[in-house]
Amino acid sequence: MGTTEKKEKRNEGPAIPEKGMECVAFEELNALKKAGLPPGYVTDGFFVKAQNNDFKVKIRYADIVWIEAMNNYSHVHLKDSRYITLAYNLGKLETFLPVRYFARINRSEIINIHYVDKYCGNSLHIGRHLFLVSESFRKYTFSCFNELVKKS
């Protein structure tokens with residue numbers, strides 16, 4: 001093999017997996033590299049200093065059921081029925097949330113779309129909680145749900 005062939009082989013990137021979790025992990029790793037982040041960057045949640053606490057605590061995206069605005073604070077409601085008050089307004093907090101989990105439904109609430117049990121009209125139900133979706137967020141919110149529709 002000549003020197004030009006070796007250079008061409010080195011310049012080829014790693015082979016892209018064809019399907020499955022390996023493909024997702026590969027794409028996520030490439031996205032981290034493009035963003036200038038280390039390969040071990042935490043992608044399942046974020047760390048934040050909760051109100052009246054010295055420690056920074058990890059909040060996993062999968063544990064967040066919904067978030068509600070309270071003036072310049074946000075209450076992050078978790079699946080174990082606890083909530084954490086953060087000194088961030090809802091708009092700032094929304095920038096930390098991945099769109100594959102969360103949808104803003106009105107000016108004061110963001111929900112984890114994976115926890116929605118049922119919906120009808122402009123209302124969503126997560127457990128025993130009822131949420132109203134405002135008109136400006138309705139189209140996007142309801143497009144997140146996969147429906148099985150009977151064809152006539």
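## Hairpin β9-β10

Strands β9 and β10 form a hairpin with two residues between them, and G127 in the turn has a positive phi of about 60°. Strands here are DSSP runs of E, at least two residues long; helices are runs of H or I, at least four residues long; both are numbered from the N terminus. This is a predicted model: local features need pLDDT of at least 70, side-chain atom pairs count only at pLDDT 80 or more, and totals for chains, interfaces and linings use all residues. Residues are numbered from 1 along each chain as its sequence is written, and side-chain values use heavy atoms, with hydrogens and water left out.

Strand β9 covers residues 123-126 and pairs with β10 in the antiparallel sense over four bridges. Two strands count as paired if DSSP finds at least two bridges between them. H125 has L130 in β10 as its bridge partner. S123 stands opposite L132 in β10.

## The three-stranded sheet

Three strands form it in the order β8-β9-β10, with antiparallel pairing. β8 (118-120) and β10 (129-132) stand at the edges with a single partner strand each, so one side of each is left without a neighbour in the sheet. Neighbouring strands of this sheet are turned by 20° against each other on average, direction ignored. The axes behind this angle are lines fitted to C-alpha atoms, for helices over the stretch in contact; angles run from 0 to 180 degrees between N-to-C directions.

In a regular strand the side chains alternate between the two faces of the sheet.

## Confidence

The protein chain averages a pLDDT of 81, and 76% of the residues score at least 70. pLDDT is the predictor's confidence in each residue, from 0 to 100. Confidence in the chain is lowest in helix α1 (residues 3-11), at a mean of 46. It is highest in strand β7 (residues 109-112), at 97. Over residues 5-17 the pLDDT is below 50. Beyond near neighbours in sequence, this stretch has eight contacts in the model. Contact means heavy atoms within 4.5 Å.

## Aromatic pairs

The whole structure holds nine aromatic pairs. Rings of Phe, Tyr and Trp (its six-membered ring) pair if their centres lie within 6.5 Å; planes under 30 degrees apart count as stacked, over 60 as edge-to-face and the rest as tilted. The ring centres of Y119 and F145 are 5.0 Å apart and the planes stand at 25°, so the pair is stacked. Y119 is in strand β8 and F145 in the segment after α4 (135-143), 26 residues apart, so the pair links distant parts of the chain.

Which residues form one aromatic cluster? F46, Y61, F96, Y101 and F102 do.

Y119 is partly exposed at 30% relative accessibility. F145 is buried at 17%. Buried means under 20% relative accessible area, exposed over 50%, and partly exposed in between (1.4 Å probe, protein chains only).

## Salt bridges

The count comes to five salt bridges. Each is a side-chain nitrogen of Lys or Arg within 4 Å of a carboxyl oxygen of Asp or Glu. The side chains of D44 and K58 meet in one of them, at 2.9 Å from N to O. This pair links distant parts of the chain: D44 is in the loop between α2 (21-34) and β1 (45-49), and K58 is in strand β2 (residues 56-60), 14 residues apart. D44 is partly exposed at 36%, and K58 is partly exposed at 28%.

D63 forms a salt bridge with K79, with the closest N and O atoms 3.4 Å apart. D63 sits in the loop between β2 and β3 (64-70), and K79 in the loop between β4 (73-78) and β5 (83-86), 16 residues apart. D63 is partly exposed at 23%, whereas K79 is exposed at 52%. R104 and E94 also form a salt bridge, with the closest N and O atoms 2.8 Å apart. R104 lies in strand β6 (residues 102-106) and E94 in helix α3 (residues 90-94), so the pair ties together parts that are 10 residues apart in sequence. R104 is buried at 16%, whereas E94 is partly exposed at 31%. Salt bridges that share partners join D44, K58 and R60 into one network.

## Around A69

A69 is in strand β3 and is partly exposed at 23%. Leaving aside neighbours within four places in sequence, A69 is in contact with L90 and S108. The C-alpha atoms of A69 and Y88 are separated by 9.0 Å, and the two residues are 19 residues apart along the chain.
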